Amino acid sequence: MAACTRGLVARPFSIKTRLKVSSNHGDVRMPVSRERLLPCKPVSAKSMLHLSLSSQRFRRLSKNQGVPLRCSSKSSAPQSRDTPPKRDTGIASEKEWGINLLDEEVKEFGTNEDGSTWYRESGEDLGENGYRCRWAHMGGQNHDGSVEWKESWWEKSDWTGYKELGAEKHGKNAEGDSWWETWKEVLYQDEWSNLARIERSAEKQAKSGTEDAGWYEKWWEKYDAKGWTEKGAHKYGRLNEQSWWEKWGEHYDGRGFVLKWTDKWAETKLGTRWGDKWEEKFFAGIGSRQGETWHVSPAGERWSRTWGEEHFGDGKVHKYGKSTTGESWDIVVDEDTFYESEPHYGWADVVGDSTQLLSIKPVERPPGVFPDFGSSTLPESDDPGPGPTVPPPDQ
């Protein structure tokens with residue numbers, strides 16, 4: 001039963017990112033525009049990187065196909081509420097998933113008047129160290145199996161204080177379109193700091209059954225009780241001859257240091273590739289920003305522009321950059337420094353939105369029996385590593 005395995009993968013994000021490009025650098029002279037430097041570009045980088053699967057097939061995928069949204073009472077067949085996930089929606093809340101586990105074991109199946117079949121089962125698994133997993137599976141298909149849906153819910157706990165709430169769903173329609181989505185919240189005690197941590201994650205994907213189109217996203221958020229926060233996402237999409245990728249991350253150490261980065265790129269089957277990337281690091285008003293915009297033609301010709309900023313905390317900012325076409329700049333200007341030293345959604349927010357996770361009750365621990373923290377179920381790290389870096393210009 002996949003929902004109740006002891007091995008966990010916690011991939012917690014939903015943060016607005018800001019793409020910094022050199023054309024935004026106020027006092028810096030930019031004699032040649034980016035658009036003029038990208039000849040023969042079939043689609044602009046901005047439109048490509050934010051392209052949605054807007055074909056007729058994927059517009060149909062995003063609609064509720066007339067299916068009831070909640071399971072009915074225990075004595076009747078469950079109804080699918082499995083609709084395709086939507087792109088760029090981040091991590092859903094507990095209320096949006098509406099997980100509702102039964103307190104009793106159930107195993108039912110049946111056939112409806114139209115020939116469609118269904119099943120529903122729920123139960124509880126117990127293990128060492130007070131491990132308990134309560135779970136529920138449900139699903140169904142039409143008479144010929146061309147339409148199918150599955151959904152699973154679970155909650156886990158053990159004597160170390162570990163708690164997990166999760167869900168997963170799959171679906172496909174008669175045209176061959178398919179989709180999958182999983183969601184999870186985890187509470188545990190960090191083994192190094194002994195602080196409580198909450199992690200949230202979501203993975204989503206959809207694929208067309210009639211054309212070369214699909215997308216995938218992975219989002220994660222991690223928080224601890226002293227303000228340490230990490231957020232990020234990996235995204236991929238494809239529509240016929242065009243593909244695009246995006247990765248971003250944010251890290252706050254809870255003491256004022258912040259690191260943010262974004263890397264986006266796209267390509268066509270003809271061989272044209274382009275992208276943008278940037279990162280910023282700040283602490284106590286002092287820090288840096290740097291980035292690159294680039295383009296590669298089908299013939300392999302490459303253009304790029306790199307830029308950077310050094311913020312000294314005294315109202316002075318050193319700006320520098322260069323491009324493969326020969327432009328360059330290196331100046332110091334009077335400019336205020338603005339950055340976000342704290343996440344707009346932090347520990348207090350995630351605690352307030354995780355009431356169902358926090359209310360999970362573990363198995364009662366007998367007197368004289370103590371939890372084994374060495375065997376606790378802990379989430380695996382999914383840190384994507386630091387963002388892209390761009391060195392300063394040669395002196």
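1. Is Asn-194 buried or exposed? Asn-194 counts as exposed because its relative accessibility is 53%; the term exposed applies over 50% relative accessible area, buried applies under 20%, and partly exposed covers the values in between (1.4 Å probe, protein chains only).

2. This is a predicted model, in which local features need pLDDT of at least 70 and side-chain atom pairs count only at pLDDT 80 or more, while totals for chains, interfaces and linings use all residues. Residues are numbered from 1 along each chain as its sequence is written, and side-chain values use heavy atoms, with hydrogens and water left out.

3. The pLDDT, which is the predictor's confidence in each residue from 0 to 100, has a mean of 81 over the chain, and 74% of the residues reach 70 or more. Over residues 6-74, however, the pLDDT is below 50, and this stretch has 188 contacts in the model beyond near neighbours in sequence; a contact means heavy atoms within 4.5 Å. Residues 383-395 also have a pLDDT under 50, with 26 contacts beyond four places in sequence.

4. Two asparagines deserve a remark on backbone geometry. Most residues other than glycine have a negative phi. Asn-194, although not a glycine, has a positive phi of about 65 degrees, and it lies in the loop between strand S7 (178-189) and strand S8 (196-207). Strands (E, at least two residues) and helices (H or I, at least four) are DSSP runs, numbered from the N terminus. Asn-240 likewise has a positive phi, near 55 degrees, and is found in the loop between strand S10 (229-239) and strand S11 (242-252). Asn-240 counts as partly exposed because its relative accessibility is 36%.

5. Strand S2 (residues 106-111) and strand S3 (residues 117-126) run antiparallel and are joined by 6 bridges; two strands pair if DSSP finds at least two bridges between them. Glu-108 stands opposite Arg-120 in S3. The hairpin of S2 and S3 has 5 residues between the strands, and in this hairpin Gly-115 takes a positive phi near 90 degrees.

6. The largest nonpolar core has 23 residues, of which Trp-97, Ile-99, Trp-153, Leu-165, Ala-167, Trp-183 and Leu-357 touch the most other members. Such a core is a set of buried Ala, Val, Leu, Ile, Met, Phe, Trp, Tyr and Cys residues joined through side-chain atoms within 4.5 Å. Two or more residues of this core come from each of strand S4 (132-141), strand S5 (148-157), strand S6 (163-172), S7, S8 and strand S9 (213-224). Beyond its neighbours within four places in sequence, Ala-167 is in contact with residues including Trp-97, Ile-99, Trp-153 and Trp-183. Apart from this core lies another, of 5 residues, among them Ala-213, Leu-239, Ala-266 and Trp-274.

7. The count of salt bridges comes to 27, where a salt bridge is a side-chain nitrogen of Lys or Arg within 4 Å of a carboxyl oxygen of Asp or Glu. Glu-155 forms one with Arg-134, the closest N and O atoms being 2.8 Å apart. Glu-155 belongs to strand S5 and Arg-134 to strand S4, so the pair ties together parts that are 21 residues apart in sequence. Glu-155 is buried at 11% relative accessibility, and Arg-134 is buried at 15%.

8. Another salt bridge joins Glu-185 and Arg-200 (3.7 Å, N to O). This pair links strand S7, which holds Glu-185, to strand S8, which holds Arg-200, across 15 residues. Glu-185 is buried, with a relative accessible area of 1%, and Arg-200 is buried, with 7%.

9. Where do Lys-260 and Glu-340 lie? The two side chains meet in a salt bridge (2.6 Å, N to O). Lys-260 lies in strand S12 (residues 258-268) and Glu-340 in the loop between strand S17 (328-334) and helix H4 (347-352), so the pair ties together parts that are 80 residues apart in sequence. Lys-260 counts as buried at 5% relative accessibility, whereas Glu-340 is partly exposed at 41%.

10. Salt bridges that share partners also join Asp-88, Lys-235, Glu-246 and Lys-264 into one network. Lys-235 lies in strand S10 and counts as buried, at 12% relative accessibility. Among the residues in contact with Lys-235, beyond four places in sequence, are Asp-88, Tyr-216, Glu-246 and Trp-248.
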